[in-house]
Amino acid sequence: MAITDPAANKSLGEKLQSVPKPVLYLVLFMLAAIPLFFPVKLPNKPIDASVEMFTNVMALPEGSTVLVESDWTNSTRGESMGEMEALLRILMRKKVKFVVYTIADPQAPQVSRDTIRKIADEEAKAGRYRYKPFEDYLVLGYYPNGEGTASAINNKFVSIVSGKKDWPENSAPRDVSLSPVLKGIKSVADFKYLIVVTASSTTNTVLERITKVPMMFMVTGVMVPETTTYYASGQIKGFCGGVKGVYDLETLMENGLNVEGPNKIVSEKSTEVIPGFPGMQNTGKGMAYYPSLHFALFLLILAVVTGNVGMFLAKRKGA
Amino acid sequence: MELLAQLAPKTFWNAQNGSGELFIKIILGLLVSTGIVVALFKTPNQLRRWVITAVTFFSGLFYVLFWIYPTPINRQPDEAPRNVLEGFSFWLSDAQPVVADLTNIIAAFLIGLGIYSLLRVHLGRIGKQQRDWQFSVVLIAGMVIMVIFGYVDWYMRLDPANAKMAGSGYVGWTFWQFGRDLLFNGLLQNMDAGMFSIVAFYILSAAYRAFRARSVEATILLVTALIVMLSLMGLIEYFWAQGVDGMHLSNNFKLDNVARWLRANVQTPAIRGIDFGVGIGLLSMGVRLWLNLEKTGGSN
């Protein structure tokens, strides 16, 4: 008895609907990995939320202080680390001090410390001021109960720093109340912004409880739809979402906003001319990963279209 | 020099970090907590239920009052309340950070509970040599090694003589710092990232097999998703915009404008509706838990 190949009897419609998983996985792997070795600068129009966030951070006066809630670890480093790095580059160049705390994951403070140190070293290598722990920034650590901590931050900020220690450079840990970063901070309202870099729903935790300081969010791609509702209602003053958001910030840092030139970026959100940081190291994870995202999205669209075309062809044949 | 503008005043609830007083309070706290837990175990079931109900109710009542009772506006540090009602408001405001500290401590105990549970399950599996017990050995060994390296590294950094270890680079690092770096940054963090990246493959496979225009609703969803995804692709957006640039009416059909309209008029209202529903559900569940009306999910 002759053995027939079942695939040979399949119609085109059926074949289009049954591309083997390993083939899809291999194509995705190649499309995501190859662009990492050949960085290309793709055209980009920053979304309103990114533009507003950039405008607000760039308007921070030198010497001011912001509160940063860092709720991410390396599982989302493709997005969150890029966001944190872009934010740190701006804060360090604007000489804005910052206080970092965590309510999501015990690993997060160490991941933040490493990222801050990396960007501080990068700035120093470029001949600019090197941010020092304790002098220019503080890492308060992890608070296991996010809800209670967020309420305490809003109610009495001093209560969450009381008794905390951090490491000054080349020194033993010291009480954070002695740090110049907290000079003049009486309540959370004395911070210019609370910036939440997160990969989880801690955005809701702070939105529900912290009312005395304006907020901005840096979230992962899947959190963008939910975050958009808070942006649309004016509860947050801008946000950066996923790899696209990181690339938006990097593009704005490179080209500025409303700056005349071949790469002029205009936005309905602001007519103010903001120069950015031309000639400095502005690109990072956004530029590196955006082409990968681009091609992965292209494959996703192609796969969905192929599956649907296959379904229609199979239906027509069956009718 | 004026540093932190307002230090927390010393009360019974706080003590100097690293002081003997703090350690004595920690030990006393542990003894009292252990005593309460043992007493609860010894309590008859019926009475224990009432104890838990009462603790849950009063714990919830504090935050209910904290949120609904009028809060002091522009209160000065040395301001005294003018009457009993204002005094209660001041008390709620002052007590909240203490309650937050207590809840932080209770939440931290969950880590201990998790470790206990993990050890109980996996040591049992190793002892009985159940299926895949070798993985349990790896898990326990990984946890113990990480704890040892993490703790020794932290302890060494506390010593002012080892201050250089806290600086950048590898200056002054010893075997313990390199070990911790290898385990945390070299292994754990990369495995964490690797694990999460696998999701992309499942999303692609699931979208290819399940995302079909089988009905009108599914077709609308499909087209909307495709437009939003295309708008995230700068190259497509750029060429699309070139095609319609300069024509007033057609400017509305630029990819970013269509995507923006979809987000503002379709996606955002839909998510708000869902959020309201979820919020009401959470509120009702919260009230049921608070008043001990929720019977499902308990050990009884």
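The domain assignment of chain B, whose bounds come from an automatic or database domain assignment, gives domain 1 (131-210) and domain 2 (212-290). The centres of domain 1 of chain B and domain 2 of chain B, taken over C-alpha atoms, are separated by 38 Å. This is a predicted model, in which local features need pLDDT of at least 70 and side-chain atom pairs count only at pLDDT 80 or more, while totals for chains, interfaces and linings use all residues. Residues are numbered from 1 along each chain as its sequence is written, chains are lettered from A in the order in which they are written, and side-chain values use heavy atoms, with hydrogens and water left out.

Chain B contains nine helices and zero strands, where helices (H or I, at least four residues) and strands (E, at least two) are DSSP runs. Read from the N terminus, its elements follow the order α-α-α-α-α-α-α-α-α.

The overall dimensions come next. The radius of gyration of chain B is 29 Å, whereas a compact globule of 300 residues would have one near 19 Å; the value is taken over C-alpha atoms, and the globule rule is 2.2 Å times the number of residues to the power 0.38. Along the principal axes, the C-alpha atoms of chain B fill a box of roughly 75 × 60 × 60 Å.

Of the 300 residues in chain B, 23% are buried, that is, under 20% relative accessible area (1.4 Å probe, protein chains only). Among the contacts (heavy atoms within 4.5 Å) in chain B with a separation of 6 or more, 38% join residues 24 or more positions apart.

How values were computed. Buried means under 20% relative accessible area, exposed over 50%, partly exposed in between (1.4 Å probe, protein chains only).
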